[in-house]
Amino acid sequence: MKITNTGPAAHTLSHAGQEYLLAPGNSVEIALTKEEAEAIPQPFVASGEPVAAAKPEKAKADFKSGAK
C-alpha cells in the first residue's frame with residue numbers, strides 16, 4: 001500500500017522494524033494488511049490494495065494406528 005504524509009511537517013512512521021521519515025506530501029510503498037492500514041496514525045493516509053492477512057496454519061494430525 002502507499003502511505004502518504006498529509007501533515008504540514010516531516011513525521012516518522014515505524015512498521016515491521018523499519019522507520020520511514022516522510023516529508024509532507026511524500027509517500028512510501030509498504031505491504032500492509034487491511035487491519036494494519038486502518039491503524040495507520042495521523043497524519044499518514046494509506047491507499048491502494050492491502051495484502052492478504054496470513055492465515056494460521058491448521059494443525060495436522062498424522063498419527064498411525066498401532067503401537068510398536
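Author: **Surface first, then the strands**

The protein has an accessible surface of about 5,500 Å², and carbon and sulfur atoms hold 53% of it. Accessible areas here follow the Shrake-Rupley method with a 1.4 Å probe, and for residues only the protein chains shown count as cover. This is a predicted model: local features need pLDDT of at least 70, side-chain atom pairs count only at pLDDT 80 or more, and totals for chains, interfaces and linings use all residues. Residues are numbered from 1 along each chain as its sequence is written, and side-chain values use heavy atoms, with hydrogens and water left out.

Now the overall layout. The protein holds 1 helix and 5 strands. Helices (H or I, at least four residues) and strands (E, at least two) are DSSP runs, numbered from the N terminus. Along the sequence, the pattern reads β-β-β-β-α-β. Of the 68 residues, 22% are buried. Buried means under 20% relative accessible area, exposed over 50%, and partly exposed in between (1.4 Å probe, protein chains only). Contact means heavy atoms within 4.5 Å. Among contacts with a separation of 6 or more, 44% join residues 24 or more positions apart.

Take each pairing in turn. Two strands pair if DSSP finds at least two bridges between them. In general, strands of a sheet pair through backbone hydrogen bonds, either parallel or antiparallel. On one side, β1 and β4 run antiparallel over 3 bridges. K2 has E29 of β4 as its bridge partner. T4 faces V45 in β5.

N5 belongs to strand β1 (residues 2-5). Is N5 buried or exposed? N5 counts as buried because its relative accessibility is 1%. Its side chain comes to 2.8 Å from the backbone nitrogen of G7. That is a polar contact: a pair of N or O atoms within 3.5 Å where, within protein, one must be able to donate a hydrogen and the other to accept it, and residues adjacent in sequence count only if both atoms are side-chain atoms. Beyond four places in sequence, N5 touches A10, H11, L22, A23, P24, G25, N26, P43 and F44.

The peptide bond from Q42 to P43 is cis, with omega near 10°. As a rule, most peptide bonds are trans, and most residues other than glycine have a negative phi. A16 has a phi near 50°, a positive value in a residue other than glycine. This residue lies in the loop between β2 (11-15) and β3. A16 counts as exposed because its relative accessibility is 70%.

Next, the packing. The largest nonpolar core has 10 residues: M1, I3, L13, L22, V28, I30, L32, A37, I40 and F44. Such a core is a set of buried Ala, Val, Leu, Ile, Met, Phe, Trp, Tyr and Cys residues joined through side-chain atoms within 4.5 Å. I3 and F44 are among its members. A37 touches M1, L32 and A46, not counting residues up to four places away in sequence.

Two more residues round out the view. T33 lies in the loop between β4 and α1 (34-38). T33 counts as buried because its relative accessibility is 14%. Setting aside neighbours within four places, T33 is in contact with P50, V51, A52 and A53. L21 lies in strand β3 (residues 18-22). L21 counts as exposed because its relative accessible area is 65%. L21 and H11 are 10 residues apart in sequence, and their C-alpha atoms are 5.7 Å apart. Outside four places in sequence, L21 is in contact with A10, H11 and T12.
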